[in-house]
Structure formats: structure tokens, C-alpha cells
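Here is a friendly tour of a protein model, arranged by topic so that you can follow along on screen. Please keep the sequence and the 3D view open as you read.

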Amino acid sequence: MSETEALILDPLQQRLRTWREALRHTPVFTKAGRLVRINGLVMEAMGLKLPLGASCRIETPTGGSVEAEVVGFQGDKLFLMPTEEVYGLAPGARVLPPEPPPIPLHADEIPEAPSPDRAKHLPAGEALLGRVVDAAGRPLDGKGPLAGATLRPLFAPPINPLARTPIDTPLDVGIRAINALLTVGRGQRLGLFAGSGVGKSVLIGMMARFTVAEVIVVGLIGERGREVKEFIEQNLGPEGLARAVVVAAPADVSPLLRLQGAAYATAIAEQFRDEGRHVLLIMDSLTRYAMAQREIALAVGEPPVTKGYPPSVFARLPAIVERTGNGTDDQGSITAFYTVLTEGDDQQDPIADAARAILDGHFVLSRALADSGHYPAIDIEQSISRVMPQVVSEEHLTLARRFKKLWSRYQRARDLIAVGAYQPGADVELDEAVRRQPAMAAFLQQGMNECVSFTEACEGLRRVLA
């Protein structure tokens, strides 16, 4: 460039910078809608066109605002659902769309591809380890901002099923009964079916502390707020929290945030998996996630079809479960445990039935075992790991089947033995089951602070059946 050209271009560049700076501080014209109705959880707005899932703000007379999300529309009417309390909203309140990104001053500030769902990018990555956040990515632990966190979209495109690596490696979860009889494969998705008060939280806390995984992601969705602190301090502990990320969306938050909390926990796990880590995802609970979707669907007029659950609930469940599992050859894995609440210990509950169909196995916690002081109260007769034959040796599989056969044989004859109707020598297999019963019962029980490795569990199984 010649000296003359430089003298001409320099004032022009300076003038362009001045104009850009002026544009940055120029008020932007914003089209707003009006709030016309509030009916239960759903608000109706007119005069604004926003896509499904878009975030918006509703102004209050005091100068504040309420965050909401578009959950449906009908003609020119938008259906909104708030993510916080709606006290103070008045008829005709202004509904504002998301704020546009600032005007860039330089060409290198222009994003390569502006995202239409800008509000759905939340913090993820290494900066979240040891932290407790809410469903919107805001810290709850008082440890300051999430310095160094990267933003990740809440929903990622699914992995090609043919590109996923197969499940062929056992995962040590530190629980004797699971390692030996219900072996988990790395990248497997399992359900933990339990009613209330049978040791579900203690069991998932043991898994979080003892599982051989690089990162633990815990999503506490729809549970009591009191249980969040108890789980972190008593069940997870400082050692477990150091390599964990906890996403808390308790029962008192909006159903939108409960849904978002589950998706956010999954997105955090996906970020670590994409980096090549082996992740354990624990979501407590999948039932509360389904209930949150039911609240939203019924509020916007979707008809109930199965015990009050609308069809969208059963479409949402596989969508979130299929995001976990093994990645491609250059990625890591997500082994996922989803707790499923069986109300009244009903294993035919519609959510429990749907979960069984889409998961790679299920562990059932028995109230009868818990009432007898048998912990963890895993009912090995009703539980199954569908990938166990693929990840253990033939000898291990044979021993596990023999153990289950003897345990089941004893349980079926338990009443006869109790009333004295059992006659030793009449049934050779039952005689063996009775003889080994004390050792088998002790094998299945474990203290909450006791960790039993996969190798130790296999050796213990051999000793019990020797």
C-alpha cells in the first residue's frame, strides 16, 4: 500500500470505528407483545412471534421482569410458562423477546454462525468439577463464578448409532452384589427402581463414591430441597464431590427448570465424553422428569392417555436416555443410572414400564428386604443387566447364574421351611440352597462405607459357591 493510499484509508477507518461505537450505544427498536391471560401455569401473550422454546421477559409494574419460555402457540397467541414466581404481573404487561447480541466493533468480533438458541448455551467443562449449580448454570455453593467454563448447547445432535463403540468392558461400581451378579458395562444405561424409604439415595451415593469413573455428574431433579444438601454432604462426601458436578433442580422450581436441569446434566456429561473421559451420570429421578413434562403438556391442553400422562412424556424419555452411552472411537463414555420411583411399589407404573423398555437393564430395590435390615436391598430375582454376558467371562456368568438359581430356590421354599414342612434329603438342590443361604445373604449385604472392587466381588462369589 502506498503512502497516499494509507493517508486516505486511515481517516476512513477511524470514522468507521466512530460509527460502530455510536451504533453500539444506540437504542435498538424492540417489538414487544402484551400479556393477555394467566391460567394456572400457562400465560398467554399477543402481538409477538417467537419460535417454540424461545426465552422472553415479562415486565412487572415495579420495573423488574419475569423470565418465561414459549411452550406452545395457537394462531397469533403464544403460550408461555414462567421459570420463576409470577407474583406482581399485571394484565397488559409487556412481553419482550431475547436481547439481541451487541453490535461488533471489529470484523473479528463477528461470530462465525450466530446461534438462534443463544439462551440455551450453558456453562460446561472442567471449571464445573467440585461445583453445585442450578438448572440455569448458576452456582449454588457460594464458591464464586464458574471461571474458565465453556458454553455448550443444551441439546446436541444425536450420535450415529453405527458410530458408537460397543459395550465390552465391565465397570467397577464398588457394590458387591452388582459387580458379581448384575455386572455393569461401561456405557450402559440402567434404571434403579425403588419406592420411598428403601435406601435409594444411599445406594446412588455409594455408586458416586466408589465407581471407577473419571467424572461423576449428578442431576437431582424434582427431589426435596432438603435432600440436595444431605446428598452432597452425607452420601457424596468431599471425596466424591471433588470429581463431580451436581445439578440441582428441586421440587419447588418451575417444571421448565426441572426439564432443563435434566437436559443440562446430560449436556455436561456429553462435554466430558467428547473430551475422551469416562463419565458416570446419575439422575435422580427420571420419574420427576416425566412429571415435569406432564405438568407442561397438560397445561397447554395435551390430552392424558395413560394414567394421566400425555403422549409427549413417552416421547421425551427415550430422547434424553439415548443421549448417553458410548461415544465414537475418539470419545469416552457415559454410563447412566436413572432412578425410577415406583409409587406404592407398583412395578407396572407407566413410567417404570416405559423405562424398562428403553434402558439396558434395571435394579429393583425391595421393601421387604429393606424392612428386614438387608442393605443394599437389591432384589436380584427381579433385577437384570442386559449387557452382562458381553462383559464378563463364561466362568463368571456360570457362577452368577448358579447363585441366582440357588437364591431363588430358597425364596420359593421359604414358607415351607418356616413352618417345618421341609424335609432334608427330599430335594438335593433345595438342600444345597438351604446350606448356602447364610453365606449368600451375607454376600449380598454391604455397609454404606464399604467398597468392594470387581475383583474382590468375583473372588467372593467363587468362595460362596465353592
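Glutamate 270 is buried, with a relative accessible area of 3% (buried means under 20% relative accessible area, exposed over 50%, and partly exposed in between, with a 1.4 Å probe and protein chains only). This residue belongs to helix H5, residues 255-274; helices (H or I, at least four residues) and strands (E, at least two) are DSSP runs numbered from the N terminus. Leaving aside neighbours within four places in sequence, glutamate 270 is in contact with Arg152, Ala156, Arg323 and Ile334, where contact means heavy atoms within 4.5 Å.

**How to read the model**
- This is a predicted model, in which local features need pLDDT of at least 70 and side-chain atom pairs count only at pLDDT 80 or more, while totals for chains, interfaces and linings use all residues. Residues are numbered from 1 along each chain as its sequence is written, and side-chain values use heavy atoms, with hydrogens and water left out.
- The protein chain has a mean pLDDT of 87, and 90% of its residues reach 70 or more; pLDDT is the predictor's confidence in each residue, from 0 to 100.
- Over residues 103-119 pLDDT stays under 50, and the model has 14 contacts beyond four places in sequence for them. Where pLDDT is low, the predicted coordinates should not be read in detail.

**The barrel**
- Six strands form a closed barrel in the order E1-E2-E5-E4-E3-E6, with antiparallel pairing; two strands pair if DSSP finds at least two bridges between them.
- From one strand to the next, the twist averages 45°. Axes are lines fitted to C-alpha atoms, for helices over the stretch in contact, and angles run from 0 to 180 degrees between N-to-C directions.
- Arginine 57 has glutamate 67 in E4 as its bridge partner.

**An enclosed strand**
- Strand E12 (residues 189-194) is largely enclosed by the rest of the structure, because six of its six residues are buried.
- Arg189, Gly191 and Phe193 point one way from E12, while Leu190, Leu192 and Ala194 point the other way.
- E12 runs parallel to strand E17 (residues 333-341), joined by six bridges; here arginine 189 has alanine 336 of E17 as its bridge partner.
- E12 also runs parallel to strand E18 (residues 361-364), with three bridges between them, and leucine 192 stands opposite phenylalanine 363.

**A helix pair**
- The axes of helix H13 (residues 428-444) and helix H14 (residues 454-464) come within 10 Å and cross at roughly 170°.
- That angle makes H13 roughly antiparallel to H14 (angles under 35 degrees count as roughly parallel, over 145 as roughly antiparallel, 65 to 115 as roughly perpendicular and the rest as oblique).
- H13 contributes Arg436, Ala439, Met440 and Phe443 to the contact, and H14 contributes Ala457, Gly460, Leu461 and Val464.

**Backbone points to check**
- Most residues other than glycine have a negative phi, and most peptide bonds are trans.
- Aspartate 284 and serine 285 are joined by a cis peptide bond, with omega about 10°; serine 285 is in the loop between strand E15 (278-284) and helix H6 (286-299).
- Another cis peptide bond joins tyrosine 375 and proline 376, with omega about -10°.
- Lysine 307, a residue other than glycine, has a positive phi near 50°. Lysine 307 is in the loop between H6 and helix H7 (311-321) and counts as exposed at 58% relative accessibility.
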